[in-house]
Amino acid sequence: MDNHHKRNLTFLTIGLIFMLSGVEYAVILPTIWMYLQILEAPSYFLGLGLSAFSLSGLLTGPIFGFWSDRSKTTKSIILFSNLFEIVGNFMYFIGYSKWLLLCSRLVAGVGAGAGSSIFGFLTRSTRPEERAGIFAAIMACRQAGLLVGPAFNLFLRLCDFKLGPFVVNKYTSPGIFMCLLWVMIQFVILVVYWDLPPVSSEEGAVMVEMKHDEDHEEEVPLMGSDEEPVLTYRTVVSNQSEASSSCEIQAIQGVSLISNPFKNFSAGREFLREEVVVLLTAQFITLFNQTALETMVTPLTQRYFGFGELGNSLMYSLCGVEVILGFFFVRWLSTKVADRAVLAVGLVICCTACIWCLIFLCNPRGGYGWELTAFIIGVFLQLLGLPFVAVSQVSLFSKVTAEKTQGFSHGVRRSVGGLATILGPLWAGGLTNNLYIMLGMMLALLMMITVMMVLSYDRLTEPRAVQCAQRSDSGG
């Protein structure tokens with residue numbers, strides 16, 4: 001099998017992994033609130049349960065990312081991390097007490113930490129111009145899982161039998177169901193997942209070999225040098241040959257760092273740059289707001305509209321359809337406009353959605369029909385902005401951070417997102433009866449990141465190294 005087919009099958013497997021994470025979220029979220037009530041848990045346990053999963057991912061993401069950068073492999077990391085998903089979901093199935101339920105989400109969250117390794121692998125295995133489209137497709141797979149998940153709930157809610165000493169009902173069945181699915185995906189990974197060589201490394205090696213064949217100059221020994229290559233930046237390139245030479249030097253430097261990607265790596269220099277700070281802040285705020293709203297939705301629909309697990313499942317299914325269509329639209333849009341423009345559009349939509357919710361959801365009036373309509377419009381606007389912000393900030397982040405440490409960098413990014421998904425449910429869980437305060441803070445955060453994005457707009461673009469690679473691909 002050639003590399004092209006291996007690449008397609010590997011990407012398909014990654015899509016299945018993300019789809020499974022969406023299915024897990026969709027089958028557990030609609031029922032966990034009632035599950036906790038049966039276990040006599042106080043209301044704040046809903047926020048704790050949702051945050052526990054994110055806490056594990058926050059802690060393990062950089063570790064898995066560092067592991068993949070050093071080993072240049074992801075297959076073994078994914079297989080290892082999925083074991084925690086299997087154990088965690090089995091613990092959720094056992095139930096028994098609210099504390100065991102909380103621990104089950106904590107254990108399962110370790111498996112989510114492998115996402116940093118996957119995003120690092122995708123960055124190294126794709127060209128910059130196709131990266132946003134690939135990220136959009138992978139993220140759409142998770143949304144497809146969110147769409148398919150409620151369909152599984154339609155038959156899981158009918159379960160009512162015993163499996164040995166364990167009771168299988170509509171609350172415990174999502175745990176054993178997801179446990180079996182994660183076991184199945186382990187076999188898929190073993191068969192059709194490959195650790196492919198990085199695209200940039202292949203191109204760099206070819207460029208080094210061509211240069212060596214042409215003039216046999218002494219730059220080639222730099223590949224084995226233990227000293228840090230000196231990076232030279234120029235504001236003006238005088239001619240095409242100078243530009244080509246600069247790109248060749250950068251390719252040689254890239255190859256020389258393959259053996260030790262963290263040599264002379266500085267987290268301060270990497271993550272405290274203006275454009276990186278803006279993107280990490282966007283990651284935090286959008287996920288904080290998203291998880292806060294998701295935490296609020298279930299109690300809100302129960303209070304105002306009388307939705308049960310069936311109504312919530314259907315609602316999440318319709319939400320999944322919208323978000324999938326949004327990701328495919330962003331996938332197309334990313335080929336027409338720059339990532340930073342997509343990010344700007346997404347932030348404007350998110351601000352509009354938050355303002356709408358503040359006006360019409362905090363103090364609903366006008367009867368059941370109007371309240372439901374206002375709720376649907378608010379949810380629609382919130383979900384509409386999600387694909388724009390999610391795809392653009394991940395794509396930009398992969399381009400403004402060093403390629404040699406993409407796994408670790410995405411681990412840091414996902415940890416920032418994990419912190420947001422911990423604080424978001426905790427913030428919303430205690431303010432379900434004070435929506436003005438909850439939504440007011442969310443709008444303030446959105447306005448802040450929008451201003452930051454506008455002020456740093458010129459820096460939210462591909463660095464010169466990426467432009468060199470594109471120039472090489474287009475033949476100069």
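Arginine 459 is partly exposed, with a relative accessible area of 43%; here buried stands for under 20% relative accessible area, exposed for over 50%, and partly exposed for the range in between, with a 1.4 Å probe and protein chains only. The model is predicted, so that local features are taken only at pLDDT of at least 70 and side-chain atom pairs only at pLDDT 80 or more, whereas totals for chains, interfaces and linings use all residues. Residues are numbered from 1 along each chain as its sequence is written, and side-chain values rest on heavy atoms, without hydrogens or water.

## Salt bridges

Eight salt bridges occur in the structure, each defined as a side-chain nitrogen of Lys or Arg within 4 Å of a carboxyl oxygen of Asp or Glu. One of them joins arginine 459 to glutamate 275, with the closest N and O atoms 3.1 Å apart. Glutamate 275 belongs to helix 11 (residues 274-304), while arginine 459 sits in the loop between helix 16 (435-455) and helix 17 (464-473), so the pair ties together parts that are 184 residues apart in sequence. Helices (H or I, at least four residues) and strands (E, at least two) are DSSP runs numbered from the N terminus. Glutamate 275, at 8% relative accessibility, counts as buried. Through shared partners, salt bridges join Arg273, Glu274, Glu275 and Arg459 into one network.

A second pair is formed by the side chains of glutamate 24 and arginine 105, which meet at 3.1 Å, N to O. Glutamate 24 counts as buried at 2% relative accessibility, as does arginine 105 at 8%.

A further salt bridge brings together the side chains of arginine 124 and aspartate 69 (2.9 Å, N to O). This pair links distant parts of the chain, with arginine 124 in helix 5 (residues 115-124) and aspartate 69 in helix 2, 55 residues apart. Both arginine 124 and aspartate 69 are buried.

## The chain and its nonpolar core

The protein chain contains 17 helices and two strands. Of its 476 residues, 53% are buried. Contact means heavy atoms within 4.5 Å, and among contacts in the protein chain with a separation of 6 or more, 85% are made by residues 24 or more positions apart. The chain exposes about 20,900 Å², of which carbon and sulfur atoms supply 67%; accessible areas come from the Shrake-Rupley method with a 1.4 Å probe, and for residues only the protein chains shown count as cover.

A nonpolar core is a set of buried Ala, Val, Leu, Ile, Met, Phe, Trp, Tyr and Cys residues joined through side-chain atoms within 4.5 Å. The largest such core has 116 residues, and those touching the most other members are Ile14, Leu122, Met178, Phe375, Met438, Leu439 and Met442. At least three residues of this core come from each of domain 1 (1-198) and domain 2 (271-461), bounds that come from an automatic or database domain assignment. Apart from neighbours within four places in sequence, methionine 438 is in contact with Met296, Trp427, Ala428 and Leu431.

## Individual positions

| Residue | Relative accessible area | Class |
|---|---|---|
| Valine 23 | 3% | buried |
| Alanine 140 | 5% | buried |
| Lysine 72 | 32% | partly exposed |
| Valine 191 | 59% | exposed |

Valine 23 is placed in helix 1 (residues 3-38). Not counting residues up to four places away in sequence, valine 23 touches Gly145, Leu146, Gly149, Phe152, Phe177, Met178 and Leu181. The C-alpha atoms of valine 23 and leucine 147 are 7.7 Å apart, although these residues are 124 apart in sequence.

Alanine 140 lies in helix 6 (residues 128-156), and, with neighbours within four places in sequence left aside, alanine 140 is in contact with Ile324, Phe327 and Phe328. Between the C-alpha atoms of alanine 140 and phenylalanine 328 the separation is 7.3 Å, for residues 188 apart along the chain.

Lysine 72 occupies the loop between helix 2 (44-71) and helix 3 (75-94). Its phi is near 60 degrees, a positive value in a residue other than glycine.

Valine 191 lies in helix 7 (residues 173-192). Together with Val183, Phe187 and Leu190, Val191 forms a nonpolar surface patch with about 390 Å² of accessible area. Patches consist of residues with over 30% relative accessible area and no salt bridge, like charges being joined within 9 Å and nonpolar side chains (Val, Leu, Ile, Met, Phe, Trp, Tyr) within 5 Å.
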